[in-house]
Protein chains: 2
Amino acid sequence: MKFVSAAAFVAFAFLAQPLAAQTDAPAPALSEQQQRTVDRLIDMALDDGLAWELLESLTTEIGPRLGGSEAEARARDWGVKKLKDLGFKNIRIETYEMPYWERVREEAEIVSPFPQKLAMTALGRSSATPEGGLTAEVVRFRTMAELAAAPETGLEGKIVFVDEPMARTQDGSGYGTAVRKRSMAAVEAGKRGAVASLIRSAGTDFHRNPHTGGGLRGQGATVVPAGALSNPDADQLARAIERADGPVTVKLNIQVRTEESVQSGNVVGEIPGETDELIVIGGHLDSWDLGTGAIDDGAGIAITTAAAKLVGDLRGKPKRTIRVVMWGAEEVGLYGARAYAEQHKDDLDRHILAGESDFGAGRIYRFDSGFGDETVAKAAPMQAALHRLAIASGPNVGTGGPDVGPIRRLGVPVFTLRQDGTDYFDLHHTPDDTLDKVDPSDIQQNVAAWAAVIYMASEMEGDFGRLPVASDE
Amino acid sequence: MKFVSAAAFVAFAFLAQPLAAQTDAPAPALSEQQQRTVDRLIDMALDDGLAWELLESLTTEIGPRLGGSEAEARARDWGVKKLKDLGFKNIRIETYEMPYWERVREEAEIVSPFPQKLAMTALGRSSATPEGGLTAEVVRFRTMAELAAAPETGLEGKIVFVDEPMARTQDGSGYGTAVRKRSMAAVEAGKRGAVASLIRSAGTDFHRNPHTGGGLRGQGATVVPAGALSNPDADQLARAIERADGPVTVKLNIQVRTEESVQSGNVVGEIPGETDELIVIGGHLDSWDLGTGAIDDGAGIAITTAAAKLVGDLRGKPKRTIRVVMWGAEEVGLYGARAYAEQHKDDLDRHILAGESDFGAGRIYRFDSGFGDETVAKAAPMQAALHRLAIASGPNVGTGGPDVGPIRRLGVPVFTLRQDGTDYFDLHHTPDDTLDKVDPSDIQQNVAAWAAVIYMASEMEGDFGRLPVASDE
């Protein structure tokens, strides 16, 4: 009710152009009215409880929602119902088929010389051990590089243990190295005749909740059974090896259930605009099975839905259509994102800008554009509008998030609202990813930034260029 | 090598008495040489790695060591070997018989309306559910008092859920209320015809590691199966109840194994003194089965053993004998402590002073005496010597720790070196009780205080009185 109509902005913007031309000054990127609207959106968001309500609802009423599972299907129904209740339009589930994997049983223990249980979780797509488990000597490698450089023989019948720790960083830059370890340890172990691989979890905490995560994406089962130890258990195994006079043997039992093909889907809803140009935002609806997916990625679902709702509540339609996508099956192999890119491949020129919220629930500290080179200047007014939220201006290196990766690689420009991830990998992919870890005021800051950015992206004149098409999609 | 002999102190103290009488001033409690020795013990301790080495060895090489288990027996052998290697004398295992309980399987899940797993652990001595588990509606009580005040009917066939939170305090004063909930929930539930009880863990953290702990000590199995939810899971169940339109049903499966009688034991070793008067210190050797018992109570074992070793390394014998006891089976019912009191009941007049370290690995912040009233003044010089370690002087309310409870109630005076427990109940009785949670320099501060106190208790003239014999031992 407090907002001027979007149509008025368009009229003003239209008027502004000739004036600018007359005075030879560049057209203002945002009219004064638009700037006031941005400020009001921010004010509203900082006092808005919708994102928290959505997050609490999703994590409580659905809880864990593994890609391809029956729980993920319930989450899709939840998403449809919420979007409907909130007044979104064109709500639908865009389905696709995917392979399914779930853990059935996972146990690890030191058998000798210091018998005791270890906290271990199977990595996604881990193959199974023989029923009842396998027992073998452990060989420790300090880093993934050390394993990759090891001779091709000498590990036959052994369990490989890659003990590489992960760096704690604000921007998550420790994750790349960690993912390499997580996805390659079983491959390198298998190459060398090992019977299983264990890694120190890709995580920065010291709780006995190991971090799961994907093995090799889209490449079938891991070569050998693949588990992750919690950081304290990795410490313990390393100490045991150090203190033992002879070999340390470990028993692993990993049992899994797989299906060749199950149905999953992306949930889509829209705030219709005056044009059919699209600003696409969202999060992923699936989570790993161990926690309730509050920070990964219930928060992204809640933040982007609440931000779109705020823009939808403005008087009049936005210029462009705001599309919220709740992507499916991200964790287990980006199945939803790849299906979206395939299903919308003839429609991508309508995709003006895209971004995903998928880095937890921490405060946003930087806006990075990922625009076509010729339109980079358009980031500046967007960034300026976010300064009151203590959000810094970043370079044109945004990647937009994992689920917009496939359409980005087909040319769609993106943006990244970078969240503080200092503590993200304490919780990521563990049972500890639960609602109590989220600060409601941090969520509100996120909603404010998203609402402001999508509103500006909707209203600004012209587009954000196109990105070079990547050959490796 | 740097220390004067204990015999010299005795001579000096003997000499000091008449001098004091001559001048009408009170006898100095510690000679200057003794004070110098105390300071040197503190200096040595702050630079000593023995306690850490012991703690690392125990938690790595033995790991979890449930009272009465084969692992606890291995821990006793570990204790004997370590005491021997360190030069202790009169090393022995004093055995006793006890009933045995262990968890075999524990699972909980919300069945409807929001199906998902819950992180739950069985409380010690929990009775088992029927094989395959039981499913029932949950009835929530905000506090234990609310359950205790509930009518005697109306809970037939239900699962009682006591959702009372625990206070975070430095001195552990939140634990009394928490223990009442932990031990009484199943009793009060059973009285009212409920089929099981669940409590919010007696813990202050927000990780999905529920806190186990004793049910009713020494009174057989709990009345109904008794579990504890982690704090995030208790939140989740409370939210589910709040959000559900109808009843919330939960499935619990707790399977246990018990034996009527197994052997356990206390490990005892001594630094022989010039007299057969005893200063008795120690920790408990057993731990709960979920963690490796680093803070509860490997730290106590390590601190007191290292402190006694430092005193034993002084030139000459201490005046009194320093006895280190590694009590067995504390967690599951104080079996070791009660056996010690029974086995030494004719010998207690030799027990001049006793204290246990059993409140984690945090820094000591206060010395509380628990002396006979007529000797309270003797605390002052001990406390003064600890001021350089940032240890405050407390009142004469020390209880000495759980394992000296039985001999305290038979009259033996005690002391408490109070440790900072602000974070203790984040880890206590969970899988997270592991070595990485301990700060080596905190351990050294503890060793320094213990070495100073036992040295002073050994050398001071006269005793510490006797405590009134309690009728309820």
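Trainee: Let me start with one residue: is B:Ala329 buried or exposed?
Mentor: B:Ala329 is buried, because 30 other C-beta atoms lie within 10 Å. A residue is called buried if 20 or more other C-beta atoms lie within 10 Å of its own, exposed if 12 or fewer, and partly exposed in between, with the C-beta atoms placed from the backbone. Before going on, please keep in mind that this is a predicted model, in which local features need pLDDT of at least 70 and side-chain atom pairs count only at pLDDT 80 or more, while totals for chains, interfaces and linings use all residues. Residues are numbered from 1 along each chain as its sequence is written, and chains are lettered from A and ligands numbered from 1 in the order in which they are written.

Trainee: Okay, and where does B:Ala329 lie?
Mentor: B:Ala329 lies in the loop between β10 (321-327) and α9 (335-343) of chain B, where helices (H or I, at least four residues) and strands (E, at least two) are DSSP runs, numbered from the N terminus. B:Ala329 also has a positive phi of about 50°, although it is not a glycine.

Trainee: What about A:Leu334, what is its phi?
Mentor: Phi of A:Leu334 is near 55°, a positive value in a residue other than glycine. A:Leu334 lies in the loop between β10 (321-327) and α9 (335-343) of chain A, and it counts as buried, with 24 C-beta neighbours inside 10 Å.

Trainee: Back to chain B, which residues does B:Met98 touch?
Mentor: Leaving out residues up to four places away in sequence, B:Met98 touches B:Gly67, B:Gly68, B:Val262, B:Ser264, B:Ala329 and B:Tyr335, where contact requires that the C-beta atoms, placed from the backbone, lie within 7 Å. B:Met98 lies in strand β1 of chain B and is buried, with 23 other C-beta atoms within 10 Å.

Trainee: And A:Val104, buried or exposed?
Mentor: A:Val104 counts as exposed, because it has 10 C-beta neighbours inside 10 Å. A:Val104 lies in strand β1 (residues 89-112) of chain A, and, not counting residues up to four places away in sequence, it touches A:Gln255, A:Val256 and A:Arg257.

Trainee: Switching topic, how many helices and strands are there in chain A?
Mentor: Chain A has 13 helices and 14 strands. Its radius of gyration is 24 Å, close to the 23 Å that the globule rule gives for 473 residues, so chain A is as compact as a globular protein of that length. That radius is taken over C-alpha atoms, and the rule is 2.2 Å times the number of residues to the power 0.38. Buried residues make up 57% of the 473 residues in chain A.

Trainee: Now the two chains: how many residues of chain A are in contact with chain B?
Mentor: There, 22 residues of chain A are in contact with 22 residues of chain B. On the side of chain A that touches chain B, α3 (50-62) and α7 (231-243) each supply at least two residues, and the largest share, six residues, comes from α7(A).

Trainee: How are the copies related?
Mentor: Chain A can be laid on chain B with an RMSD of 0.0 Å by a turn of 180° and a shift of 0.0 Å along the axis, the superposition being by least squares on the C-alpha atoms of residues with pLDDT of at least 70 in both. The two copies are thus related as by a two-fold rotation axis.
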